[in-house]
Amino acid sequence: MIVQKYGGSSVSTAEKMRAVAEKVVRTKRQGHPVVVVVSAMGDSTDTLLELARQMGSRLSPRELDMLLSTGETVSAALLCLAIQSLGERAVSLSAGQCGIITNDVHSNARILEVRAGRIKKELARDAIVVVPGFQGVTAQHEITTLGRGGSDTSAVAIAAALEAESCDIYTDVKGVYSADPRVVPQAVALGELGAGEMQELAWHGAQVLKAEAVEFATTNGIAVAVRPAFADDPGTLISPEPGESSVYRPHRAEVAGVTGRKDLVRISLHASALNGAQRDEIFAALSKYDLIFGGLNGAGEASELFISNLEIPDPEVFAAEFAQRFNGAVELSGELGAVSLVGFGLGSRPAALLDALRVLEEGKVPLVKSFTGRESLTFVIPRPLVDESVRRLHRVFVESHEPVSQLNVSL
Ligand code: ADP
Ligand code: ASP
Ligand code: MG
């Protein structure tokens, strides 16, 4: 059983769509049952979102999902037509027909269950099954979407439901790199990566794979391969064991990758907002967003939470309405981002934290806040300085052959 996922850039034109169809058909003719998950063509999700914004400012999340989910439907039907014209039996299904059941959080829904009966029936008829990524349906048959990059999650969830051992994610780069190769030309492609590190890289902004997809893969013991769509290359293998990693890291043993994100919104909660009914109301208003970082302080101290603006259809309207509703208790600030260093066990090493702080200070990057994770160190900084800071950290922690003088200081 082979589950393949093709991202938007791999099906951005009719020609590429036909090339993907040929690849799918080749796999089928090697004797494998094949399920293909496909994303919307090129930037069409962005185009749809932009069109929606031209309709007004208070956009209904339900209607946005009705709209955005169509991009993947178009791709699935077109890919199916291309496969059929190569002489293979193929069928495209909607998320509802595939039984991809989600919760009811529009624009950022979570898959609860995949009822794969129909997919299995089609496979038994010897058809190639083409599934639109990113879409789901609630138990009440409402259409949902899984958050940006959500086709990765669809692919791994379907692989899990079909008890496949692996899932191939085809994209526009050779695999997972030590940093986004578009930002850091010196980034190196990683042959293998532990799921724990991949999850941290993804969570902290490496868009090549969605963090939730890695989480599903780990839970279900699925090996994920990230591969180039149009080249013969094994790409990056992500082993399902959370801690295991045998990455080739030429220079710095502890850092697998550096990543950046430019989507943070800081929610500052005044001490007065952390008690009683208003606290509950604020948290109810935040409940449909993922908290990226942050936490609450005790005993009447102000606190900070960070969420992603990618989950908010219209961030400016959200900020204005939120601040007005909780007047005086809450402040929102945008224009923030973060850079992270990811590596097995890295988050528990004070020396690494200090070294990274020094590198940022040298670059005169004002630090807003830092966080440690088990396998990561993260620095919240102004959004315009994210790319340059990723390059700076990559230079020191991945490219440099010489130990940095301050590294491994004993504390
Ligand atoms: P797809 O359309 O196939 O889903 P995405 O645009 O979502 O593709 O993800 C691929 C992109 O992710 C690459 O073009 C690359 O610029 C970016 N990227 C960010 N971080 C990394 C990384 N560490 N390794 C590889 N690619 C990365
Ligand atoms: N088309 C959706 C997006 O652009 C989902 C995906 O590509 O994975 O985010
Ligand atoms: Mg993607």
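Analyst: In the residue classes, Ala, Val, Leu, Ile, Met, Phe, Trp, Tyr, Cys and Pro count as nonpolar, Asp, Glu, Lys and Arg as charged, and the others, Gly among them, as polar. This is a predicted model, in which local features need pLDDT of at least 70, side-chain atom pairs count only at pLDDT 80 or more, and totals for chains, interfaces and linings use all residues. Residues are numbered from 1 along each chain as its sequence is written, chains are lettered from A and ligands numbered from 1 in the order in which they are written, and side-chain values use heavy atoms, with hydrogens and water left out.

User: OK, what lines the second largest pocket, by class?

Analyst: The lining has 11 nonpolar, four polar and seven charged residues. A pocket here is an open set of points on a 1 Å grid where a 1.4 Å probe fits, with protein on both sides within 12 Å along at least five of seven lines, and its lining residues have an atom within 4 Å of a point.

User: And what volume does it have?

Analyst: The volume of the second largest pocket is about 530 Å³, and of the 22 residues that line it, K288, Y289, P313, F318 and E321 are the closest to its centre.

User: Which elements give two or more residues to that lining?

Analyst: Those are α3 (61–84) and α10 (315–325), and α10 gives the most, with five residues. Helices are DSSP runs of H or I with at least four residues, and strands are E runs of at least two.

User: Switching to sheets, what is the order in the one with six strands?

Analyst: That open sheet runs β14-β15-β13-β16-β18-β17, with antiparallel pairing, where two strands pair if DSSP finds at least two bridges between them. At its edges stand β14 (291–295) and β17 (369–372), each with a single partner strand, so one side of each lacks a neighbour in the sheet. For β14 the antiparallel pairing with β15 (residues 303–308) is made over four bridges, and F293 has F306 of β15 as its bridge partner.

User: How about the sheet of eight strands, what is its pairing?

Analyst: The pairing is mixed in this open sheet, whose order is β3-β6-β2-β1-β9-β11-β12-β10. Here β3 (90–92) and β10 (192–194) are the edge strands with a single partner each, so one side of each is left without a neighbour in the sheet. Strands β1 (residues 2–6) and β9 (residues 166–171) run parallel and are joined by three bridges, with K5 opposite I169 in β9.

User: Is β6 buried or exposed?

Analyst: Five of the five residues of β6 (residues 128–132) are buried (under 20% relative accessible area with a 1.4 Å probe), so the strand is largely enclosed by the rest of the structure. I128, V130 and P132 point one way from β6, whereas V129 and V131 point the other way.

User: Which strands pair with β6 in the parallel sense?

Analyst: Strand β2 (residues 34–38) runs parallel to β6 and is joined to it by four bridges, with V38 opposite P132. β3 also pairs with β6 in the parallel sense, over three bridges, and S92 has V130 as its bridge partner in β6.

User: Last one, which residues are buried in α8?

Analyst: In α8 (residues 211–220), the buried residues are A211, E212, A213, V214, F216 and A217. They pack against β5 (111–114), α6 (151–161), α7 (195–203) and β11 (223–228), contact being heavy atoms within 4.5 Å. Just after α8, G221 takes a positive phi of about 65°.

Definitions and conventions: Grid points are joined across faces, edges and corners, and a volume is the space filled by probe spheres set on the points. Buried means under 20% relative accessible area, exposed over 50%, partly exposed in between (1.4 Å probe, protein chains only).
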